[in-house]
Amino acid sequence: MHRLSTRSSLLRYGGGALRRHVIAPVSSSHLTTVGENDTRARRFSILSTIESTYRPNLKRDLFLGKRYESTAAESSASTSPPAERYEYQAEVSRLMDLIVNSLYSNKEVFLRELISNASDALDKLRFLSVTEPGLLKDAVDFDIRIQADKDNGIITITDTGIGMTRQELVDCLGTIAQSGTAKFLKALKDSKDAGGDNNLIGQFGVGFYSAFLVSDRVVVSTKSPKSDKQYVWEGEANASSYTITEETDPEKLIPRGTRLTLHLKRDDKGFAHPERIEKLVKNYSQFVSFPIYTWQEKGYTKEVEVDEDPAEAKKDDQDEKTEKKKKTKTVVERYWDWELINETQPIWLRNPKEVTKEEYNEFYKKTFNEYLEPLASSHFTTEGEVEFRSILYVPAFAPSGKDDIINPKTKNIRLYVKRVFISDDFDGELFPRYLSFVKGVVDSNDLPLNVSREILQESRIVRIMRKRLVRKAFDMILGISMSENREDYDKFWENFGKHLKLGCIEDRENHKRIAPLLRFVSSQSDEDLISLDEYVENMKPDQKDIYYIAADSVTSAKNTPFLERLAEKDIEVLFLVDPIDEVAVQNLKSYKEKNFVDISKEDLDLGDKNEEREKEMKQEFGQTCDWIKKRLGDKVASVQISNRLSSSPCVLASGKFGWSANMERLMKAQSMGDASSLEFMRSRRVFEINPDHSIIRNLDAAFKTNPDDEDALRAIDLLYDAALVSSGFTPDNPAQLGGKIYEMMGMALTGKWSTPGQFQSTETQPHSPETVEAEVVEPTEAGSQK
């Protein structure tokens with residue numbers, strides 16, 4: 001690391017040629033490729049811009065001074081051989097337009113593609129050097145360095161990889177969609193000595209041309225250890241040809257590797273800011289296996305002396321007793337240096353046994369910008385026909401907006417291919433939307449991507465990956481539910497319970513995995529949540545079904561008349577108080593061979609049928625039921641004797657295939673509800689009466705004595721309206737119902753607490769002013785005797 005003087009900093013910010021002379025080091029070993037005369041000449045140029053008090057590492061700085069100058073300088077030596085022009089081996093005007101305008105949906109991926117190419121070049125060199133040690137004769141470190149010149153809109157990417165010969169330049173960069181990586185992998189596969197996949201990334205041969213997404217002109221300077229010469233490839237956007245020249249300028253020579261210089265378009269010069277480069281590298285190439293350095297401005301603070309004000313100095317001279325202290329101020333000294341960006345190692349490549357819980361939590365917080373630790377994590381590797389590594393997390397809390405259940409594009413799953421970030425924008429390809437709250441990373445070496453690497457191709461491999469990821473997510477959630485700390489799962493259910501209920505509706509294949517994770521309030525749970533396993537375990541020996549009631553609150557469910565007989569028999573009933581509960585349970589249909597039964601539907605079977613009693617009741621009240629049905633008309637489908645009531649006179653049950661009261665309420669609230677279907681499902685209601693209740697027996701007597709009695713018919717109407725409300729339905733005319741209740745109250749309360757005389761005097765009180773006058777007159781007569 002070195003610091004520039006104030007003068008050199010000004011020269012740098014001033015732009016021009018002087019700005020290009022200062023650079024940070026790579027390795028002192030690079031000096032092996034630099035001649036002695038060249039070293040002396042550049043030593044003078046660097047020392048002229050550095051303070052004499054600073055003693056830099058000259059061997060280290062000289063090569064990089066040369067390296068940076070060669071990346072930005074555009075002048076060429078006068079003795080350079082003439083450039084040879086080549087035509088692209090494709091219909092470049094159409095194909096380049098396709099690459100630039102259609103293939104990539106986001107411009108910023110150009111840096112990811114170019115870094116991936118540089119990583120491939122380093123991988124190739126490392127692999128080939130095993131059998132050809134001479135390729136590493138230039139002792140240069142394996143790294144990738146990125147430099148941004150925001151003033152001139154230039155980005156330079158340099159790697160110390162395998163480089164290219166002149167013919168390889170023609171073959172790889174002169175033929176669009178010709179992948180050198182694909183050729184290399186094929187050669188490895190065909191070779192008997194091949195040691196397997198070398199984790200190379202490129203396969204389509206278009207990654208290099210993503211540079212033209214943001215560049216008008218691209219210059220590639222490359223040196224292969226197999227060649228004694230360095231060549232320069234230069235091409236422009238929308239051009240049909242390119243040029244290749246031999247590099248003869250000693251200032252631009254590199255010992256090995258490739259240097260790409262991108263001359264950005266006017267609208268894309270914002271990419272040349274060092275901060276923007278650092279952000280893109282951390283997002284897309286954080287886990288590339290080679291070190292990536294960026295050229296960053298840094299600073300340090302120091303104290304410097306300042307001149308005193310003349311007036312204060314004179315005053316201090318007059319006061320001899322006062323000690324003079326030198327005045328200083330703190331200033332920030334700026335300098336430029338290389339900074340390693342990808343320090344974070346991919347934790348998913350490590351053995352899970354060697355990773356601590358703290359490391360998992362730290363990775364989670366850093367990757368997903370969270371401040372709370374996750375509820376659970378799962379680190380696994382799948383092998384076989386599909387191989388990938390993954391770490392999944394269950395967050396502690398749902399997002400504040402809680403809209404993930406509607407919008408599956410949550411950016412919670414980060415997909416990597418060979419440690420290169422591909423995308424986090426998925427619409428159900430890797431996870432169904434009801435599991436969209438799960439966060440994590442997935443890294444695959446052979447995931448089928450399209451050419452731009454940004455969109456997953458629908459294939460059998462993707463479907464297998466999705467199944468395994470979903471299975472692991474359920475195992476992770478099941479682990480939370482089986483934890484000794486029950487509060488963890490209560491917290492999970494509070495935040496993500498609705499997601500699992502949505503899974504009951506959308507994912508029939510995983511019903512067996514979802515059902516054990518569901519939690520409900522029941523008639524015997526005292527508002528504590530119970531699982532279906534706990535319910536089945538508490539069932540009566542002769543109980544065949546799982547009973548439930550859907551309502552808008554626990555209070556409404558506890559006081560519903562449908563619960564009366566079941567409460568007497570001590571049968572537990574699930575309370576479905578969430579709007580999605582009823583639909584979720586209806587989609588489950590059964591659990592452990594126990595059917596879900598809605599106690600608000602007709603033909604409820606509690607397992608205690610008495611056929612003889614039912615026959616007697618039908619004979620005794622059959623005609624009364626027909627009389628009530630005739631009065632109610634189309635309001636109900638039928639009138640039946642109830643086997644679920646004990647204290648209520650009647651109840652309004654839903655038809656076996658009709659909507660429950662809760663479902664009808666929800667459907668009414670839908671802005672796009674169908675009025676015709678609502679009317680049809682409403683007509684399926686069944687009016688059930690309790691033959692043991694006094695009101696029903698009085699109506700039976702009224703039918704047998706005078707079926708046309710107006711009071712009896714009005715009592716039937718009021719009874720139906722009361723059953724409508726108590727059963728959870730909404731009356732069509734609440735005002736009319738209120739009028740009937742007031743009328744019945746008036747009849748019932750007349751003369752109940754007062755005598756007839758008192759009741760009469762109360763009504764005639766406004767017509768008795770004479771009595772008041774007579775009482776007032778008496779004291780007047782007494783006063784007249786005076």
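This is a short tour of one predicted protein model, from the whole chain down to a single residue.

Hi everyone. Because this is a predicted model, local features need pLDDT of at least 70 and side-chain atom pairs count only at pLDDT 80 or more, while totals for chains, interfaces and linings use all residues. Residues are numbered from 1 along each chain as its sequence is written, and side-chain values use heavy atoms, with hydrogens and water left out.

Let's begin with the whole chain. The protein chain has 25 helices and 23 strands; these are DSSP runs numbered from the N terminus, with at least four residues of H or I for a helix and at least two of E for a strand. Of the 786 residues, 48% are buried, where buried means under 20% relative accessible area, exposed means over 50%, and partly exposed is in between (1.4 Å probe, protein chains only). The accessible surface comes to about 41200 Å², and 48% of that belongs to carbon and sulfur atoms; the areas come from the Shrake-Rupley method with a 1.4 Å probe, and for residues only the protein chains shown count as cover.

What about contacts? A contact means heavy atoms within 4.5 Å. Among contacts between residues at least 6 apart in sequence, 75% join residues at least 24 apart.

Now to the strands. Strands of a sheet pair through backbone hydrogen bonds, either parallel or antiparallel. Two strands count as paired here if DSSP finds at least two bridges between them.

Have a look at strand S7, residues 257-264. How many of its residues are buried? The count is 8 of 8. Gly257, Arg259, Thr261 and His263 point one way from S7, and Thr258, Leu260, Leu262 and Leu264 point the other way. Strand S3 (residues 154-159) pairs with S7 in the antiparallel sense over 6 bridges, and Ile154 has His263 as its bridge partner in S7. Strand S4 (residues 215-223) is also antiparallel to S7, over 8 bridges, with Arg217 standing opposite His263.

Next is strand S14, residues 439-444, where 6 of 6 residues are buried. Lys439, Val441 and Asp443 point one way, while Gly440, Val442 and Ser444 point the other way. Which way do its partners run? Strand S11 (residues 388-394) pairs with S14 in the antiparallel sense over 6 bridges, and Ile391 stands opposite Val441. Strand S12 (residues 413-417) runs parallel to S14, joined by 5 bridges, and here Tyr416 stands opposite Asp443.

S10 and S11 pair in the antiparallel sense over 7 bridges, with Ser378 opposite Leu392. The two strands form a hairpin with 5 residues between them, and Gly384 in the turn has a positive phi of about 120°.

Let's stop at one residue in S11, Tyr393. Is Tyr393 buried or exposed? With a relative accessible area of 0%, Tyr393 is buried. Leaving out residues up to four places away in sequence, Tyr393 touches a list of residues including Tyr360, Phe363, Tyr364, Phe368 and Met476. Met476 is 83 residues away along the chain, yet the C-alpha atoms of Tyr393 and Met476 are separated by 8.3 Å.

Here is one more sheet. It is an open one of 3 strands, in the order S21-S23-S22, with mixed pairing. Strands S21 (638-641) and S22 (650-653) stand at the edges with a single partner strand each, so one side of each has no neighbour in the sheet. The twist averages 25° from one strand to the next, with angles running from 0 to 180 degrees between N-to-C directions, and axes being lines fitted to C-alpha atoms, for helices over the stretch in contact.

H18 leads us to our last stop, the second largest pocket. Which residues lie nearest its centre? They are Lys609, Glu614, Ile641, Ser642 and Asn643, out of 21 lining residues. H18 gives the most to the lining, with 6 residues.

Conventions: 1 Å grid on protein atoms, 1.4 Å probe; cavity = no way out; pocket = protein on both sides within 12 Å on 5 of 7 lines; lining within 4 Å.
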